[in-house]
Structures are given as C-alpha cells and as structure tokens.
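Dear colleague,

Please find below the structure that I am handing over to you. My findings follow it, arranged by topic.

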Amino acid sequence: MRVCGALLRNLGQLRAVTLQPQTSTIGYTRLMRVRQVECVGFRNRAYTNAPPPPPSSNNDNKEQSSSNEPPKDQKSASGTDSGSSGRVGPTGKPLPKERLLPATGPLSPLGISLFLLTAAGIVYVFTVKKEQVRQEQELRKRNIESTGKADVGGPFELIDQDGKTKTDKSFKGRFTLIYFGFCHCPDICPDEMDKIGEALELLDRDPKTKDVVQPIFITCDPQRDSPEAIKEYLKQFHPKFVGLTGSIDQVRSACKGYRVYFSKPPKVAENQDYLVDHSIFSYFMDPDGTFVDVYGKDKTALEMASSITNTIAKFRAAGRDIDQS
C-alpha cells in the first residue's frame, strides 16, 4: 500500500509538471489576444476623437492636382498626344506619326492639287473651248444662211501667167476655188495648193463634177511674182490652175474684196528675201461669182471635195446650168 501511494504521488507530480507548460502557453496566448483587442479599441477611439484637418489653400490644391497629373513625357509616351505615334524612341522621346504623303514635292498634297488643277485646265481648253468654237462656227454659218450670203468677192482685173488680162467676169458660169498666196512661200502655200489639187482629182472621178471647178491662184506678192514666175511656180501643182498677178493696187483691191489679209516686212532691201504674212483660206464661189463656202487648213481634200459635190448637186437640182468646158 505504501508503495502504491508513493507511486500515485509521483504520478501526480509528473502530471503537474507536464501540464504546467501547456497551461502557461494557453494563458500567454489568451493574454496576447486581450492586448490586441485593447490596442484596436484604443486606435479606433483615437481616430474617432481626432480633430478635423485644417482647410487647405488654393495653392496647395493646385500643387496637389498638378502632382497627381502625369508628366508630359509620360503623357506623350502613353500615346495621348495627337502628334505622336504612341512609340518611344531610344532617347525616351515619343516618335512622330508617320505621314502617308510627303510634306513637300510633287507627291505632297499641294503638289497633287496643283497637278489636278492643271489637268482640269488642259481638259477645259482642249474640250470645252473646242466645243465652243464649233458651236460658234455653226451659229455663224446658220446666220449667213438665214440672212444671206457673206459679202465676200467682187470685181477684179489682173493678169494671168500667160500675160492675158483676166477679170471676175472671165470665170462666170463656172465654180471657182480661189487661193491667195505667194510663190516664195516655203511650206503653207504648197501644202494648200496640193490639197486643192487632190480635191480636184476626187471631183474629176465623177462625171457630174468633172471639169466643173476652176482653181485660181492669186498672188499676195506682186513685186516678186511676175507672170513668168507664177507660170514656173504652177508647174508643181494641178495643171488646171490659173495664176493671177498685177500691180500692187490691183492685188490689194482683189484681196480687199475677198477679205484677205496680207502684209510684208517694211523697209525690205532690193533682192532681199522675205516672207509675206497672209490669210490661209480657199474661197469657193458659184457660177454667179457669189460666195458659197471657205476652207481653212483644218479641212482635208476629201472634206473639200464632199462639200463641193453637195453644192453642185443642189445647184443642178435648182435647174441651173454649169459650164463644164
């Protein structure tokens, strides 16, 4: 029994020793929790009982608002700047936006605009103006047809290439195609004379128009174009041509009647070569010596022949006689 009692006392002491650290640990933990709660309560009471902060001035507000704003470099780097591309270069500065077109040069907006304006002007000149000229010509032609024939032509007295006197009455009864030029003309006169010859060849293919039109060449340079010079000059062209010359006053009177302009340089020395400026038209006259039509450089030989054929057909349809000798 004594032994058992001693064992029980030892076990009780051992349990007390074993449980003591646990009890002390639990107590320490509880004590820490209580202190945390007290600290939280003290902090809440201090925040609640704290006086309100003093009002800040406008300068402080501005400084605070400006401090809250991001710096300009940061704004540019974020892509909010309208002039930047949103990319940052090696130096940290924002890269400019890439342009689709160069600022200067022919491919710039200004260069392209000027090109389009120039193109529009060219189109206007070569289309609208051309149409206006055509309409004006048609209107002029209708006015002539409605009000009467143009006052072109008239009496003249000149000398042909054989030295014979010819007047406007010498060609009565025949259609005439009259061209004014000069023998020393380098290019325009020969071209127009060749065109008249081609038109005559086209007319001679039809019996109704063969030998109906008499081509006439009247010089604008009587000082150099003598009958002999004209005869030699006409050998280059259609054999039906009749060349006429005369004194300066006679030639000037004929040119005035046909509304032909001509001018030579003033103060021309003797034996000095020169050119005569003159109108470039071929005048088509009917057997009565009345003006019918005029053909400029823009008319081809085929167009001239077609116009003359239609006029001859109308003349015959009216019952008029035509000399074909």
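**Leu-203 and helix H5**

In this predicted model, Leu-203 belongs to helix H5, which covers residues 188-204. With a relative accessible area of 2%, Leu-203 counts as buried. Which residues does Leu-203 touch, once those up to four places away in sequence are set aside? They are Thr-209, Lys-210, Val-213, Ala-305, Ile-308 and Thr-309.

**The chain as a whole**

The protein chain has eight helices and 11 strands. Of its 325 residues, 28% are buried. The accessible surface amounts to about 22800 Å², and carbon and sulfur atoms account for 57% of that area.

Thr-245 is part of strand E7 (residues 242-245), and its relative accessible area of 3% makes it buried. Beyond residues up to four places away in sequence, Thr-245 touches Leu-158, Ile-159, Thr-219, Pro-222, Asp-225, Ser-226, Pro-227, Ile-230 and Val-251. For Asp-225, there is also a polar approach: the Thr-245 side chain comes to 2.9 Å from the backbone oxygen of Asp-225. Glu-157 lies 88 residues from Thr-245 along the chain, and the two C-alpha atoms are 9.2 Å apart.

Ser-282 is located in strand E10 (residues 282-285) and is buried, at 1% relative accessible area. Apart from neighbours within four places in sequence, the contacts of Ser-282 are Leu-177, Ile-178, Tyr-179, Ile-196, Asp-293, Val-294 and Tyr-295.

**Cysteines**

How many disulfides does a search of the whole structure find? The count is zero. Cys-189 has its closest cysteine sulfur in Cys-185, but the 3.2 Å between the two sulfurs is too far for a bond. Cys-189 is buried, with a relative accessibility of 0%. Cys-220 likewise takes part in no disulfide, the nearest cysteine sulfur being that of Cys-255 at 4.3 Å. Cys-220 is buried as well, at 3% relative accessible area.

**Salt bridges**

The structure contains 10 salt bridges. One of them joins Asp-162 to Lys-231, with 3.4 Å between the closest N and O atoms. This pair connects distant parts of the chain, 69 residues apart: Asp-162 sits in the loop between strand E3 (157-160) and strand E4 (165-167), whereas Lys-231 is in helix H6 (residues 227-234). Both ends are partly exposed, Asp-162 at 48% relative accessible area and Lys-231 at 42%.

Arg-252 and Asp-249 make a further salt bridge, in which the closest N and O atoms are 3.1 Å apart. About one helical turn separates Arg-252 from Asp-249, because they are three residues apart in helix H7. Arg-252 is partly exposed at 42% relative accessibility, while Asp-249 is exposed at 56%.

Finally, salt bridges link Asp-204, Asp-211 and Lys-240 into a network.

**Backbone angles in two loops**

Asp-211 is also of note for its backbone: it is not a glycine, yet it has a positive phi of about 60°. Asp-211 is placed in the loop between H5 and strand E6 (213-219) and is partly exposed, at 24% relative accessibility. Arg-259, another non-glycine residue, has a positive phi of about 55°. Arg-259 occupies the loop between helix H7 (248-257) and strand E8 (262-263).

**A nonpolar surface patch**

Which residues form a nonpolar patch on the surface? Ile-122, Tyr-124, Val-125 and Phe-126 do, and together they present about 420 Å² of accessible area. Phe-126 is in helix H4, which covers residues 109-147, and counts as exposed at 61% relative accessibility.

With kind regards

Technical notes:
Residues numbered from 1 in each chain as written. Predicted model: local features only at pLDDT ≥ 70, side-chain atom pairs only at ≥ 80, totals over all residues. Heavy atoms only, no water. Patch = residues over 30% accessible without salt bridge, like charges linked within 9 Å, V, L, I, M, F, W, Y side chains within 5 Å. Areas by Shrake-Rupley, 256 points an atom, 1.4 Å probe, with all protein chains shown as cover. Salt bridge = Lys/Arg side-chain N within 4 Å of Asp/Glu carboxyl O. Helix = DSSP H or I, 4+ residues; strand = E, 2+ residues; numbered from the N terminus. Buried < 20%, exposed > 50% of the residue type's maximum accessible area, 1.4 Å probe, protein only. Contact = heavy atoms within 4.5 Å. Polar contact = N/O pair within 3.5 Å; in protein donor to acceptor, adjacent residues only side chain to side chain. Disulfide = S-S within 2.5 Å.
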